[in-house]
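Look over the sequence and the model first, then read the points below by topic.

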Amino acid sequence: MTNPVKGPAAYFPSIEKKYGRPVAEWKDLIRSSPLTRHMELVSWLKTEHGLGHGHANALVAHTLTEDRSG
């Protein structure tokens, strides 16, 4: 039996469904932004792309963590 996804990735299916873009596309967008700070990126996704706070926060948190560890 598989364990349920936890943390920011738990939001990914609903993000893809609600906004119609794959998570990989959102991550590429975050990485291509000149912004680097967590909350700046969250605010940018909210204002420029219409994401809700939780979804924007999950995408930024996961992307920045992935970039730091890889």
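**Overview**

The accessible surface of the protein chain comes to about 4,700 Å², and carbon and sulfur atoms account for 54% of that surface. The model is a predicted one. The protein chain holds 4 helices and 0 strands, and its elements, read from the N terminus, follow the order α-α-α-α.

**Overall shape and packing**

- Taken along the principal axes, the C-alpha atoms of the protein chain fill a box of roughly 40 × 30 × 15 Å.
- The radius of gyration of the protein chain is 12 Å, which agrees with the value near 11 Å that a compact globule of 70 residues would have.
- Buried residues make up 31% of the 70 residues in the protein chain.

**Helices α1 and α2**

- Two packed helices are described by the angle between their axes and the distance between the axes.
- Helix α1 covers residues 12–19 and helix α2 covers residues 23–32; their axes come within 9 Å and cross at roughly 90°.
- An angle of 65 to 115 degrees counts as roughly perpendicular, so α1 is roughly perpendicular to α2.
- On the α1 side, the residues that meet α2 are Phe12, Ile15, Glu16 and Tyr19; on the α2 side, they are Val23, Trp26 and Lys27.
- Sorted by class, this contact of α1 with α2 has 5 nonpolar residues, 2 charged residues and no polar ones.

**Glutamate 16, in helix α1**

- Glutamate 16 lies in helix α1 and is one of the α1 residues that meet α2.
- Its relative accessibility is 36%, so glutamate 16 counts as partly exposed.
- Apart from neighbours within four places in sequence, glutamate 16 is in contact with Arg21, Pro22 and Val23.
- Glutamate 16 and tryptophan 26 are 10 residues apart along the chain, and their C-alpha atoms are separated by 9.4 Å.

**Tyrosine 11, before helix α1**

- Tyrosine 11 belongs to the segment before α1.
- With 39% relative accessibility, tyrosine 11 counts as partly exposed.
- Setting aside neighbours within four places in sequence, tyrosine 11 is in contact with Gly54, His55 and Ala58.
- The C-alpha atom of tyrosine 11 is separated by 9.9 Å from that of asparagine 57, a residue 46 positions away along the chain.

**Histidine 38 and tryptophan 44, in helix α3**

- Helix α3 covers residues 38–49 and includes tryptophan 44; histidine 38 also lies in helix α3.
- At 27% relative accessibility, histidine 38 counts as partly exposed.
- Beyond neighbours within four places in sequence, the contacts of histidine 38 are Asn57, Val60, Ala61 and Leu64.
- For histidine 38 and leucine 64, which are 26 residues apart along the chain, the separation of the C-alpha atoms is 7.9 Å.
- Tryptophan 44 is in contact with Leu29, Ile30, Ser33, Leu35 and His49, again leaving out neighbours within four places in sequence.
- From tryptophan 44 to histidine 62 the C-alpha to C-alpha distance is 16 Å, across 18 residues of sequence.

**Threonine 63, in helix α4**

- Helix α4 covers residues 53–69, and threonine 63 has its place there.
- Is threonine 63 buried or exposed? Buried means under 20% relative accessible area, and threonine 63 is at 0% relative accessibility, so threonine 63 counts as buried.
- Leaving out neighbours within four places in sequence, threonine 63 is in contact with Lys27, Ile30 and Arg31.
- Lys27 is also one of the α2 residues that α1 meets, and Ile30 is also among the contacts of tryptophan 44.

Conventions:
Residues are numbered from 1 along each chain as its sequence is written. This is a predicted model: local features need pLDDT of at least 70, side-chain atom pairs count only at pLDDT 80 or more; totals for chains, interfaces and linings use all residues. Side-chain values use heavy atoms; hydrogens and water are left out. Axes are lines fitted to C-alpha atoms, for helices over the stretch in contact, and angles run from 0 to 180 degrees between N-to-C directions. Helices (H or I, at least four residues) and strands (E, at least two) are DSSP runs, numbered from the N terminus. Angles under 35 degrees count as roughly parallel, over 145 as roughly antiparallel, 65 to 115 as roughly perpendicular and the rest as oblique. Contact means heavy atoms within 4.5 Å. Ala, Val, Leu, Ile, Met, Phe, Trp, Tyr, Cys and Pro count as nonpolar, Asp, Glu, Lys and Arg as charged, and the others, Gly among them, as polar. The radius of gyration is taken over C-alpha atoms; the globule rule is 2.2 Å times the number of residues to the power 0.38. Buried means under 20% relative accessible area, exposed over 50%, partly exposed in between (1.4 Å probe, protein chains only). Accessible areas come from the Shrake-Rupley method with a 1.4 Å probe; for residues, only the protein chains shown count as cover.
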